[in-house]
Amino acid sequence: MSDETPDEAGLTKAPSRSHGRLSARPVLRPRDLFDDARAVRGAWLARVITLFPQAFPGVLEQSLTGKAMDLGLWRLETYDLRQFGIGKHRNVDDTPAGGGAGMVLRADVVDAAFNAASAGASPDRARWPVVYLSPRGKPFDQAMARRFAACEGLTLLCGRFEGVDQRVLDHHAVEEVSLGDFVLTGGEIAAQAVLDATVRLLPGVIGNAESLEEESHSNGLLEHPQYTRPPEWEGREIPPVLLSGDHAKIARWRRAQSEALTAERRPDLWARRTQV
């Protein structure tokens, strides 16, 4: 049962756009958004289960993540959840047990999608996490992105409606992850954010690895302010220390700025550092 028609899910109405060289169409098998790119053995693999496969790769096809995809450093497959639906209308949801508003994604439907997305993936969750994007999940952070990047791949379930039957989450040892204390209409935007943060940490994606070490959250601090040409703009000058050529002084200034910004804007992060 669903308030979405088959046309809205893309089953009887073909998507009108394509993602560069790659067409977007719902199929029962995973839609590999990397078919015609140069594959690299052991490339990191993302599998996304969603009611809207046409939403991918989205912004992930652009910039560094898109170039890394073209180079074969990572792959992206989408699984159309509607294809695993029940009955003539491919229903994926039903009313919540015990009553209440909205609809809940069915355990049997999500289970079938998980089973399809597990083909060839390690059952060891330390090597291949399975994640449900949920506002009640553990907050996503840089440490989690590093953990995901160190794995062989990652499976993401994009939720819709009021949520997912808890039984299927427990059965598949699914990790719930949240972008923050707010609610989105679905998990697709959150999935792209998680993948963007993770893929950029894969070896070879960012040319200058040193830049990763100076970013916000890389060492528990927010990043220091950045400046570039012109040296004076609208009456505002670049801090003289940055033009001094004294790298030791510059490093101390940047560290002090990072600490001050963190203490001011993220007292929770600052408190964590001072407790260590």
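Me: Axes here are lines fitted to C-alpha atoms, for helices over the stretch in contact, and angles run from 0 to 180 degrees between N-to-C directions; with that settled, at what angle do helix α8 and helix α9 pack, and how far apart are their axes?

Reply: Two packed helices are described by the angle between their axes and the distance between the axes. For helix α8 (residues 247-265) and helix α9 (residues 267-275), the angle is about 115° and the axes are 5 Å apart. This is a predicted model, in which local features need pLDDT of at least 70 and side-chain atom pairs count only at pLDDT 80 or more, while totals for chains, interfaces and linings use all residues. Residues are numbered from 1 along each chain as its sequence is written, and side-chain values use heavy atoms, with hydrogens and water left out.

Me: What makes a stretch of the chain a helix or a strand, and how many of each are there?

Reply: Both are DSSP runs numbered from the N terminus, where a helix is a run of H or I of at least four residues and a strand is a run of E of at least two. The secondary structure of the chain comes to nine helices and twelve strands.

Me: Which residues of α8 and α9 meet?

Reply: Contact means heavy atoms within 4.5 Å, and on the α8 side R255, E259, T262, A263, E264 and R265 meet P267, L269, W270 and R273 of α9. The residues of this contact divide into four nonpolar, one polar and five charged, where Ala, Val, Leu, Ile, Met, Phe, Trp, Tyr, Cys and Pro count as nonpolar, Asp, Glu, Lys and Arg as charged, and the others, Gly among them, as polar.

Me: Why is D165 called buried?

Reply: Buried means under 20% relative accessible area, exposed means over 50%, and partly exposed is the range in between, with a 1.4 Å probe and protein chains only. D165 has a relative accessibility of 17%, and therefore counts as buried. The residue sits in the loop between β9 (153-158) and α5 (166-171), and, leaving aside neighbours within four places in sequence, D165 is in contact with V104, L105, R106 and A107.

Me: What makes the link between the side chains of D165 and R167 a polar contact?

Reply: The term stands for a pair of N or O atoms within 3.5 Å; within protein, one must be able to donate a hydrogen and the other to accept it, and residues adjacent in sequence count only if both atoms are side-chain atoms. The side chains of D165 and R167 are joined at 2.7 Å, and this pair is listed as a polar contact.

Me: Why are S63, R90 and A256 placed in their accessibility classes?

Reply: S63 reaches 56% relative accessibility and so counts as exposed. R90, at 33%, is therefore partly exposed, and A256, at 42%, is likewise partly exposed. S63 is found in helix α2, whereas R90 is in the loop between β5 (74-80) and β6 (93-94). S63 has a positive phi of about 55° although it is not a glycine, and R90 also has a positive phi of about 55° without being a glycine.

Me: What makes a group of residues a nonpolar core, and which members of the largest one touch the most other members?

Reply: A nonpolar core is a set of buried Ala, Val, Leu, Ile, Met, Phe, Trp, Tyr and Cys residues joined through side-chain atoms within 4.5 Å. In the largest, which has 30 residues, W44, W74, L76, F140, L154, L156 and L195 touch the most other members. Its largest share, six residues, comes from α6. Apart from it lies another core of 21 residues, including I49, L81, L105 and V164.
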